[in-house]
Amino acid sequence: MLAYTIRRVAATIPVMAIVALFVFSLLYLAPGDPAAVIAGDQATPADVERIRASLGLDRPFLIRFGEWAWNIVRGDLGLSIFTNLPVTRMIAQRIEPTLSLMVVTLILAISVAVPLGVVAAWKSGSWIDRLVMSFAVLGFSVPVFVVGYLLAYVFALEFDLLPVQGYTPISNGFWPWLQNLILPAISLGGVYIALIARITRATMLEILQQDYIRTARAKGAGQRTILFLHALKNAAVPIVTVIGIGVALLIGGAVVTESVFAIPGLGRLTVDAILRRDYPVIQGVILLFSFVYVLVNLLIDLSYTLFDPRIRY
């Protein structure tokens, strides 16, 4: 298991290096002259040159990338072009709402989707199975922002049950914190629930046809024991895999969800930075999201040792 862990951790290093190179190249891949775009139509040539110098566009690409990568290693993501604040500070101020939204959505999605997938596989071909699969198709089909606006209209505007926008820090109390995240988490979790439920159902259907399941039934094991102790445990690897892959859905959906519900998180920071073409902020946020995605999938890979003893070496 130690050797497997070391190999998986080592494999993330070149991945992050490639991601860092791509993120840094965004500034150079932007159409036109980024300095002229940032400066605006009323800028003078001197203003454009000043911005180009501040961005390092007047120096060789590899030298600039090396300096930027070394600063990243030291925890320095640069300065925002418009606020002149450190990007790390801006991210630190916005990370709690986004992290809270993703954690609540993840817990909600797993706690709802896995039982739905198990029940759908158990009742395969019945109206319950068709209902769950119809919900899964609907979850994939309806955009996040549409679900968000519908939930906000029904539960916030019509019935005034939940707040429609904003964020309350967890330090102000658990319920006020959770209250602001219920609607955004449901909006963001719809497609994630649909994905996990479909994979859970497909995997459970295959597992339930195995010989050892028939043997367990012949020995008189209860249906709950067969489903959750025998079948679900052996179906855990593909389910855990899709949970890790689905983190990308959470990261991308958080940008839209935070805009709909006016949550001051990293998604809103990203949108604002894109609209203002604040490249250091864009680079910092994308790099952080990429690191989180790679880290989550690394943890998913390491968790395989809990379900499959064949990789414990």
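Thr12 is buried, at 17% relative accessibility; buried here means under 20% relative accessible area, exposed means over 50%, and partly exposed is in between, with a 1.4 Å probe and protein chains only. Thr12 sits in helix H1. Helices are DSSP runs of H or I with at least four residues, strands are runs of E with at least two, and both are numbered from the N terminus. Apart from its neighbours within four places in sequence, Thr12 is in contact with Val294 and Leu298, where contact means heavy atoms within 4.5 Å.

Before I go on, a word on the source. This is a predicted model, in which local features need pLDDT of at least 70 and side-chain atom pairs count only at pLDDT 80 or more, while totals for chains, interfaces and linings use all residues. Residues are numbered from 1 along each chain as its sequence is written, and side-chain values use heavy atoms, with hydrogens and water left out.

Now the chain as a whole. The protein chain has 15 helices and zero strands. Its C-alpha atoms fill a box of roughly 85 × 55 × 35 Å along the principal axes. Of the 313 residues in the protein chain, 42% are buried. Taking the contacts in the chain with a separation of 6 or more, 72% are between residues 24 or more positions apart.

Back to helix H1, and to Ala20. Ala20 also has its place in helix H1, and it is buried, with a relative accessible area of 15%. Which residues does Ala20 contact, leaving aside its neighbours within four places in sequence? They are Phe65, Trp68 and Leu287.

A pair of aromatic rings is described by the distance of the centres and the angle of the planes. Rings of Phe, Tyr and Trp, the last by its six-membered ring, pair if their centres lie within 6.5 Å; planes under 30 degrees apart count as stacked, over 60 as edge-to-face, and the rest as tilted. The search of the whole structure finds four aromatic pairs. In one of them, the ring centres of Phe24 and Trp68 are 5.2 Å apart and the planes are at 40 degrees, so this pair is tilted. Phe24 belongs to helix H1 (residues 2-29) and Trp68 to helix H4 (residues 61-73), so the pair ties together parts 44 residues apart in sequence. Phe24 is buried at 2% relative accessibility, and Trp68 is buried with a relative accessible area of 9%. Ring pairs also join Phe24, Phe65 and Trp68 into a cluster.

Next, two helix contacts that share H13. Axes are lines fitted to C-alpha atoms, for helices over the stretch in contact, and angles run from 0 to 180 degrees between N-to-C directions. Angles under 35 degrees count as roughly parallel, over 145 as roughly antiparallel, 65 to 115 as roughly perpendicular, and the rest as oblique.

The axes of helix H7 (residues 144-158) and helix H13 (residues 247-260) come within 9 Å and cross at roughly 30 degrees. That makes H7 roughly parallel to H13. H7 contributes Val144, Phe145, Gly148 and Tyr149 to the contact, and H13 contributes Val256, Thr257 and Val260. By class, these residues are five nonpolar, two polar and no charged. Ala, Val, Leu, Ile, Met, Phe, Trp, Tyr, Cys and Pro count as nonpolar, Asp, Glu, Lys and Arg as charged, and the others, Gly among them, as polar.

How do the axes of H13 and H14 cross? They come within 7 Å and cross at roughly 90 degrees, with H14 covering residues 266-276. That makes H13 roughly perpendicular to H14. The contact is made by Ala254, Val255, Glu258 and Ser259 of H13 with Leu266, Gly267, Arg268 and Val271 of H14. This contact has four nonpolar, two polar and two charged residues.

Last, two loop residues. Ala262 lies in the loop between H13 and H14. Ala262 is not a glycine, yet it has a positive phi of about 55 degrees. At 25% relative accessibility, Ala262 is partly exposed. Asn84, in the loop between H4 and helix H5 (87-122), has a positive phi of about 60 degrees and is not a glycine either. Asn84 is exposed, at 55% relative accessibility.
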